[in-house]
Amino acid sequence: MDFEMTQDQRDFVDAIHKACRPYGDDYWTKHDRDHVFPQDFFESMVEVGVVGMLASPEHGGGGATIEDAALALKAIAESGAGVNGCSTVHLSMFGFHPVVVHGSEELKSKYLPRVTSGEIHVSFSVTEPDAGSDTGRITTRAIPTDDGWRLRGRKVWMTKALQSSAALVLARTSPADEVKRPIDGLSLFVVDLDPDYVDIKVIDKMGRNAVASCEVVFDDLPIPRENLVGDLGRGFYAILDGLNPERILVASEAIGVGAAALARASQYATERVVFGRPIGQNQGIQHPLADAYMQLLGASAVVQKAARLYDSGQPCAAEANTAKFLAGRAGFFACDRAIQTHGGFGYATEYQVERLFRESRLMRIAPVSEEQIMNYMAEHQLKLPRSY
C-alpha cells in the first residue's frame with residue numbers, strides 16, 4: 001500500500017494550512033467560549049475549495065475522493081481549529097450524500113449547488129430523545145397531505161440547525177406495527193427549516209461550542225412531495241450509504257485533533273525547564289508522547305486504507321469502523337497526555353490543550369459509540385451471535 005500523498009493532495013493540504021493560519025488560538029478560544037459560529041472561517045473554506053470538494057462538478061463541486069476529504073479535515077483539525085473547525089464544514093461537505101445517491105435530479109438541482117457553493121448551511125437529523133442507536137424507535141412522523149407531508153416530532157443533536165436553511169430528516173411514514181421490521185417504515189426527506197413551523201433550542205454541552213448542537217421540534221412543517229429522498233419507507237437504507245465514509249472522515253478529524261495536542265505538548269516539553277533541564281528530557285514525559293504519536297500513526301494507516309477501499313468501490317465497513325474506533329481512542333489519548341505534560345497549565349485555557357481535550361472526548365461517542373462498533377465487529381467479522 002502506497003502511503004504517500006500525491007502532489008495534488010500535498011498542494012491542497014498546503015493550501016488548507018495557509019487558509020487556516022489567520023484563525024489562530026485566540027479566534028477559536030473566543031468562538032468556543034462565546035458560542036459564536038465561525039462564519040468567516042466557513043467562507044474561507046468555501047474559497048479554498050473544501051466545502052464543495054466532494055460534490056460532482058455538475059452540481060458545482062470538485063469531484064474529490066473520500067481520501068482527499070479525510071486529508072482536508074485532518075489538516076483543518078491539526079491547524080488548531082479542532083472539531084469546531086471541522087464541524088463548521090463537515091455537513092456541507094458530506095451531509096447531503098444520500099441526496100447524491102438516492103435523490104431525484106430535481107432534488108439534486110434544487111439543493112446541491114447551493115450547498116456546495118456555501119450559499120446555504122445544511123443539517124442532518126436521525127436521533128431523538130428516545131431513539132439513539134435504536135433507529136427503529138423513531139416516532140417523528142411525516143403525515144401525508146394532498147401535496148406531500150407534514151412533519152411532526154422532535155429531534156436532538158442536530159448540528160448547525162441554527163445556521164441551516166435545510167436538513168435531511170428521517171421520519172416514520174408507516175406505523176412500526178404495520179411493517180415487517182420497524183426500520184422499514186421510515187422515510188428520508190429534505191426539509192426547509194421554516195421558523196414558522198420549527199422551534200430550535202441549543203443543547204448546552206462540554207465542548208465544540210462554536211458549532212451548536214440543537215433540539216428541534218417540528219410542528220406540522222410542510223414537506224413538498226418531491227423532497228422525498230429515495231423510496232417511501234426505505235429511508236433507513238438510504239442513510240446507510242453515508243455511514244462508512246462518515247466514520248472515515250470523523251476518524252481523520254480525531255487524528256488531526258490528537259496531532260494538534262501532541263504538537264503543543266512536544267513544544268511545551270522542550271521549552272519547560274524544571275530542575276535545570278527540559279522536562280521533555282525525562283522518559284516519564286517522552287514515553288507517553290511517543291506512545292501517542294504511534295497510536296495516531298497506526299490509526300492514520302487504517303483511515304487511509306478504509307478511504308481507498310471506499311473510493312475504489314470495495315467493501316470497507318470493517319476498516320471504516322476500525323478507523324473510527326482506533327482514531328477516536330488515539331486522539332483522546334494524545335489530548336489527555338498533552339494535558340498531563342503541561343501539568344497545571346494544561347487546565348488553563350491559554351495553552352489550548354484543554355479545549356482540544358474536551359473536543360476529543362466527543363470523537364469516542366459520535367457519530368457512533370465505541371460499544372456499537374464493537375457490537376458490529378463481533379457480529380459481522382467474528383461471526384458471534386447478535387448481542388442486542
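Guide: Burial is judged by relative accessible area, where buried means under 20%, exposed over 50%, and partly exposed in between (1.4 Å probe, protein chains only). The model is a predicted one, in which local features need pLDDT of at least 70 and side-chain atom pairs count only at pLDDT 80 or more, while totals for chains, interfaces and linings use all residues. Residues are numbered from 1 along each chain as its sequence is written, and side-chain values use heavy atoms, with hydrogens and water left out.

Visitor: With which residue does Lys-155 form a salt bridge?

Guide: A salt bridge is a side-chain nitrogen of Lys or Arg within 4 Å of a carboxyl oxygen of Asp or Glu. Lys-155 forms one with Glu-128, the closest N and O atoms being 3.0 Å apart. Because Lys-155 lies in strand β3 (residues 148-159) and Glu-128 in the loop between β1 (121-125) and β2 (141-145), the pair ties together parts that are 27 residues apart in sequence. Helices (H or I, at least four residues) and strands (E, at least two) are DSSP runs, numbered from the N terminus.

Visitor: Which parts does the pair of Asp-220 and Arg-152 tie together?

Guide: Their closest N and O atoms are 2.7 Å apart, in a salt bridge. Asp-220 belongs to strand β7 (residues 213-224) and Arg-152 to strand β3, so this pair ties together parts that are 68 residues apart in sequence. Asp-220 counts as partly exposed at 21% relative accessibility, and Arg-152 is also partly exposed, with a relative accessible area of 36%.

Visitor: Where do Arg-329 and Glu-370 lie?

Guide: The side chains of Arg-329 and Glu-370 meet in a salt bridge of 3.3 Å, N to O. Arg-329 is in helix α10 (residues 317-342) and Glu-370 in helix α12 (residues 370-380), so that distant parts of the chain, 41 residues apart, are linked by the pair. Here Arg-329 is partly exposed at 36% relative accessibility, whereas Glu-370 is buried, with a relative accessible area of 5%.

Visitor: Is Arg-355 buried or exposed?

Guide: Arg-355, which lies in helix α11 (residues 353-362), is buried, with a relative accessible area of 2%. Contact means heavy atoms within 4.5 Å, and, leaving aside neighbours within four places in sequence, Arg-355 is in contact with residues including Asp-25, Trp-28 and Asp-32.
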